[in-house]
Amino acid sequence: MSVLLPAQPRRSGWIPWAFAGGMGVVLAVNAVLVWAAVSTFTGVSVGHAYDRGLAYNDVLAETARQQALGWHASVVLDVRTLVVSVQDEDGKPVAGTISGVLVRPVEGTRVPLGFRSVAPGQFRAAAEVPRHGQWEAQLRLTGQQGDRFDIRGRVFVR
């Protein structure tokens, strides 16, 4: 003889809702992260990347030409004054004229610089930058014989 037991209420009905709720949390977090990534993009990218890639051998040749000069430069920011020193491979100062800008790498803000020679191989320029942070000095020295030397240096404005 079989005995009929009263039906037990189903206790596992919440399990599918737990999975759906977990997936909802994952989707919500991903949506927030996608929004943050898209809304904070600075727009810094390389224009004409394909053309620059084709001209990479020219970049290598220019680098070799500059290394053959044997010149070395130091760039220092000293209380809103950019100080540049250039020496040849023997440690002698390199005379010439220098021009360039300070560029904020993330934003692309450019600050032109007016250099004056204070001694052979020593140049100074007032650097009135609008914001604190990291800046890149993009400079070109033209030596007395017409040789060009590109100088890049990172400086920090406090």
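**View 1. Glycine 70 follows helix α3.** In this predicted model, glycine 70 has a positive phi, near 75 degrees. Helix α3 spans residues 56–69, 14 residues in total. From first to last C-alpha it reaches 20 Å, close to the 20 Å expected at 1.5 Å a residue. The expected span is 1.5 Å times one less than the number of residues. Helices (H or I, at least four residues) and strands (E, at least two) are DSSP runs, numbered from the N terminus. Residues are numbered from 1 along each chain as its sequence is written. Local features need pLDDT of at least 70, side-chain atom pairs count only at pLDDT 80 or more, and totals for chains, interfaces and linings use all residues; side-chain values use heavy atoms, without hydrogens and water.

**View 2. Four strands form an open sheet.** The order is β4-β3-β7-β8, and the pairing is antiparallel. Strands pair if DSSP finds at least two bridges between them. β4 (110–113) and β8 (148–157) are the edge strands, each pairing on one side only. Strand β3 (residues 96–103) runs antiparallel to β4, joined by four bridges. Valine 101 has proline 112 in β4 as its bridge partner.

**View 3. Strand β6 pairs with β2 and with β5.** β2 (residues 81–87) and β6 are antiparallel, with five bridges. Serine 85 stands opposite glutamine 122 in β6. β5 (residues 115–119) is also antiparallel to β6, over four bridges. Here phenylalanine 115 stands opposite alanine 125. Two residues lie between the strands of the β5 and β6 hairpin, where glycine 121 takes a positive phi near 80 degrees.
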